[in-house]
Amino acid sequence: MTAQTSTWQRWTTLWVVTIFLWLAPELTRSKVHGLGMEVETVFSVEPPATMLTYFQEQAKELAARQTAPENLEAWQQRRIELRRQLWQSLGHFPLENRSPPKARLTGRIDHGDHWVEKIVYQSLPGLYVTALAYVPKNPSGRVPAVLCLNGHWTGAKAEPRIQKRCQMLARMGVIAFCQDVIGTGERAAFDGAEPVTYHGFYRGATPRIVDRSLLGYILYECMRAVDYLQSRGDVDPRRILCTGASGGGKQSMFLPALDDRLAGSVPVCYLSSYQAHMGATACVGEIPTGILRYSNQWEILGLHAPRPLLCIAATRDVPVFQPQQAIETLDTTAQRLYRLYEAQDQIKVAVIESGHDYNRPMRKLLYQQVANRLLNNQETLSEEPAKLPAEPAENLQCGLPSNSETMRSLTWRRAQELVGHHQQPANLPEWSRHQTRMLAQLETEVLGSFPDISKDHATRVRTLVWQGYRVEHWKLEPETNVIISAALCFPHGAATNVKKPAILVVDELGKQKAFSRGLVSRLLQAGHIVLAIDTRGTGETAGTVPAIGYGPGTPEYNLSNYALLLGRPLVGMRALDIRCAIDLLVRQEKVDTARITVVGRGRAALAGLLASLYDSRIHSLVAEELLASWVFAEEFNRIGLCYLVPQILTIGDMQHLAACLAPRDLLMLNPVDGRRRLLTEAATREQFSFTENVYQLHADAEKLQRMHVAPEQSVDAMVDWITGLDKSTK
């Protein structure tokens, strides 16, 4: 090889590498976002905003609307309304005329200077709570009590950090009380595989579908703990304080806000603001639905006023719980609300060099607060010994009754009760009245209403050819900072003056999935105009909010939780996306606007159904792998958290919502149960008997079709059904 040849090869290699590096980002993007199988086809467009930007801007806007009351009288009226709103978000619980806790002592452990009493009581009929009371020996009269609230420590009441706190409080002459939060410790009530975290995902979110929530259960049982403490002859009912870290800090914020019997609170590693939570991982099921629509943490903390409030923050905590967040929130509380009582000095913030914890230095601050506020004695022992014994978890078992209710059993029972209120209508006028009420309540009370989408919100990005078909790539903007990528595909012969039926394809995994399974190409071959879209958080905007790194089978974890903070469930937001896409279709000259079908799969099937209920331009619906019913005796799994819509069963079950589509054409293809298992034909017919009856009232029973096919035959089944509709409407 000559030197000249070697030099030429080196230059050639350099140019090849340079060109590859220049093209690499485009090639990579085509592999990820391309609608077809050809690598060189690029349909993607980088959105100018992510879903996180949308949620952050929405939260910022809502938070800015919240103002301070002008005077104490105005605040007294506001605090009544605020508590009502909070319980509306938390759920329906028997707050008035609560039954006695029926507590019983199941055992005691002698710790020398105090007893550890094992307690079992009922928070609701049949729902048992396991708890520990650390009781000083030989107290002189009634003594104060501290409710030690468990957050997310996996050991629940047996967590060593909680044991040490309770032991030290008992040494100070205070009764310390700690219970297993529902779904934790002895009350974990595992069904199948253990959850990765203490409440799991679906387990904690499931109570939403009725008129309750996990956070509601937790806070109601905190109130029941106060009921129990006040029933003890050795507790001074005027001197009860609560404290906890992380999730326990959350409880320590809410409990005194909802219950005036508390004498003070020490929340640890929690206080922040709800707009700051946009970007963090929210604990599933512990979100007060729609809280940003009417309040924020500064105002909730104002319900403590004028009682003492000590917040402990950690320098090395996660961003959402950084000390500056707590300081700013508490400063707002002091200036806007504690000021009305001239009690700004009752709020204190302590910052500890630490990570997310409730460690010994933090506990020392608690002991000092207890000494000052409950014991009125600054000289009280507050130095925790370096070594305090921790009992093994098995020693602290209280004996949960085997027949105890669980959140799952109570949710299932309540779901049956709510659905039982729906009677089969006797005639169309009766159904029409019922349907009108259902849809009005669904939109305003459950979905949080739909924003106005009357403005022009569609931009054509490019036109190209895919597999011989003309394709237009569009950006849709149903709301500010929400970008939806869409591919509008035209069949052969679309250049003629004959209008074509149009199909809007919405897959739960985004438009790429619809292309890869062959659905789009089959519909084009059948002569339909096809619009395939990514609803928000799918396809090209998937992964644009922080992901959670644990827990299988929980897609859209943070998306769902962020949406609930705004008071607009994710599936309702996606229904808006679908209606925005319909706007694009009806503006197309070649579309026969009398023949528009929506095809939705999985989570997108529910979004398609909801969109169809409020958009008469949708003439038929294919719901593939739609959840058949929210009334489900087992634990939900694999369906997606966005299916667990808060209070949906107060409106109706899936069969009642589907009935509202009559007399339009509806194909339910391979409906599934709460674990995404295919239903049998007999189970489907039974499940949708209400829907069938309504279609019969319309004398259009044939327009409701139920179909069960092998998954690999789904595309053919849908295309055949849609093609049959075209023939019947020509």
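**Exercise 1. Find which residues Ala282 touches, beyond those up to four places away in sequence.**

Solution. Ala282 touches Ile287, Tyr557, Asn558 and Asn561, not counting residues up to four places away in sequence. Contact here means heavy atoms within 4.5 Å. Ala282 sits in the loop between β7 (264–268) and α8 (297–302). Helices (H or I, at least four residues) and strands (E, at least two) are DSSP runs, numbered from the N terminus. Now take one partner, Tyr557. Ala282 and Tyr557 are 275 residues apart along the chain, and their C-alpha atoms are separated by 8.7 Å. Last, check burial. Ala282 has a relative accessible area of 7%, so it is buried. Buried means under 20% relative accessible area, exposed over 50%, and partly exposed in between (1.4 Å probe, protein chains only).

A note on the model: it is predicted, so local features need pLDDT of at least 70 and side-chain atom pairs count only at pLDDT 80 or more, while totals for chains, interfaces and linings use all residues. Residues are numbered from 1 along each chain as its sequence is written, and side-chain values use heavy atoms, with hydrogens and water left out.

**Exercise 2. Describe the protein chain as a whole: its helices and strands, its buried share and its contacts.**

Solution. Start with the elements. The protein chain has 21 helices and 18 strands. Then turn to burial. Of the 730 residues in the protein chain, 60% are buried. Finish with sequence separation. Take the contacts between residues at least 6 apart in sequence; 75% of them join residues at least 24 apart.

**Exercise 3. Is Glu405 buried or exposed, and which side chains does its own side chain meet in polar contacts?**

Solution. Locate Glu405 in the loop between α10 (360–373) and α11 (407–419). Its relative accessibility is 18%, so Glu405 counts as buried. Now look for polar contacts. A polar contact is a pair of N or O atoms within 3.5 Å; within protein, one must be able to donate a hydrogen and the other to accept it, and residues adjacent in sequence count only if both atoms are side-chain atoms. The side chain of Glu405 has such a contact with the side chain of Ser409, at 2.6 Å. Another, of 2.7 Å, links the side chains of Glu405 and Arg413. Beyond neighbours within four places in sequence, the contacts of Glu405 include Pro125, Gly126 and Leu127. Gly126 is 279 residues away in sequence, yet 5.6 Å away in space, C-alpha to C-alpha.

**Exercise 4. Which backbone oxygen does the side chain of Gln588 reach, and which one lies 2.6 Å from a polar atom of the side chain of Thr243?**

Solution. Take Gln588 first. This residue is in the loop between α16 (570–586) and β15 (591–601). Its side chain reaches the backbone oxygen of Leu584 at 3.1 Å. Gln588 counts as buried because its relative accessibility is 13%. Its contacts, leaving aside neighbours within four places in sequence, are Glu472, Trp474, Leu488 and Phe490.

Now Thr243. This residue is in strand β6 (residues 235–245). The backbone oxygen of Val266 lies 2.6 Å from a polar atom of its side chain. The relative accessible area of Thr243 is 0%, so Thr243 is buried.

**Exercise 5. Find the residues with the most contacts inside the largest nonpolar core.**

Solution. A nonpolar core is a set of buried Ala, Val, Leu, Ile, Met, Phe, Trp, Tyr and Cys residues joined through side-chain atoms within 4.5 Å. The largest one has 177 residues. Those with the most contacts inside it are Phe55, Leu442, Leu504, Leu613 and Trp630. Helix α6 (residues 214–231) gives the largest share of this core, 12 residues. Another core lies apart from it, with 39 residues, among them Cys166, Ala371, Leu374 and Leu388.

**Exercise 6. Which residues of helix α20 are buried, and what covers them?**

Solution. Helix α20 spans residues 689–697. Its buried residues are Phe690, Thr691, Glu692, Asn693, Val694 and Tyr695. Their cover includes α12, α18 (654–659), β17 (665–669), α19 (681–687) and β18 (704–707). After α20 comes Ala699, with a positive phi near 60 degrees.
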